[in-house]
Amino acid sequence: MRTFNPLVTLALLVMQTASIQAADLNGAWTIDASACGQMFSKENNRIVFKKDADLHAGGLIVQGRQVTGTFEKCTVKSLRDDGPNMRIIAACSDGVSISEMAFDLTFSGENNITLSSKEPVPVQMPYVRCPM
């Protein structure tokens with residue numbers, strides 16, 4: 001049984017809509033803003049995960065259509081804009097297998113989003129952008 005993975009959800013962030021451009025979603029995102037300094041750093045002008053970032057709050061790095069988590073990488077394949085929400089399909093790999101996942105993304109401010117999935121079980125995860 002596949003569990004909800006925050007990395008897959010961030011893949012949703014990379015899509016463009018009429019009101020928000022993909023570039024606005026680039027950066028480091030986490031479920032706990034107080035953990036930003038423990039999870040992310042900059043190397044050669046790029047955001048990267050710190051060593052042992054997976055021991056802290058869930059997080060994602062969005063760069064264009066690529067979304068990277070501590071254990072998984074996703075590429076956004078498609079999106080459908082449904083007003084304040086977006087439906088996103090992403091291909092994700094954990095290094096062993098590739099799976100296609102569907103998510104809903106709701107914007108709740110410039111630096112706040114909520115990612116949700118209905119399968120395999122309903123889950124909602126709020127994310128905040130880390131200042132980098």
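Modeller: Contact here means heavy atoms within 4.5 Å, and the model we are discussing is a predicted one.

Biologist: With which residues is Phe49 in contact, once its neighbours within four places in sequence are left aside?

Modeller: Phe49 is then in contact with Met39, Phe40, Gly59, Leu60, Ile61, Thr68, Gly69 and Thr70, so each of these has heavy atoms within 4.5 Å of heavy atoms of Phe49. For Met39 there is also a C-alpha to C-alpha distance, which is 5.7 Å to Phe49, although the two are 10 residues apart in sequence.

Biologist: Why are strand β2 and β3 called paired?

Modeller: Pairing requires at least two bridges between the strands, and four bridges join strand β2 (residues 40–43) to β3, so the two count as paired. They run antiparallel, and Phe49, which is found in strand β3 (residues 46–49), is the bridge partner of Phe40.

Biologist: What lies between β2 and β3 in the hairpin that they form?

Modeller: Two residues lie between β2 and β3 in that hairpin, and Asn44 in the turn has a positive phi of about 50°.

Biologist: What makes a residue count as buried, and how much of the protein is buried?

Modeller: A residue is buried if its relative accessible area is under 20%, and buried residues make up 42% of the 132 residues in the protein. The protein as a whole, with two helices and 10 strands, exposes about 7100 Å², of which carbon and sulfur atoms supply 51%.

Key. Residues numbered from 1 in each chain as written. Predicted model: local features only at pLDDT ≥ 70, side-chain atom pairs only at ≥ 80, totals over all residues. Heavy atoms only, no water. Buried < 20%, exposed > 50% of the residue type's maximum accessible area, 1.4 Å probe, protein only. Areas by Shrake-Rupley, 256 points an atom, 1.4 Å probe, with all protein chains shown as cover.
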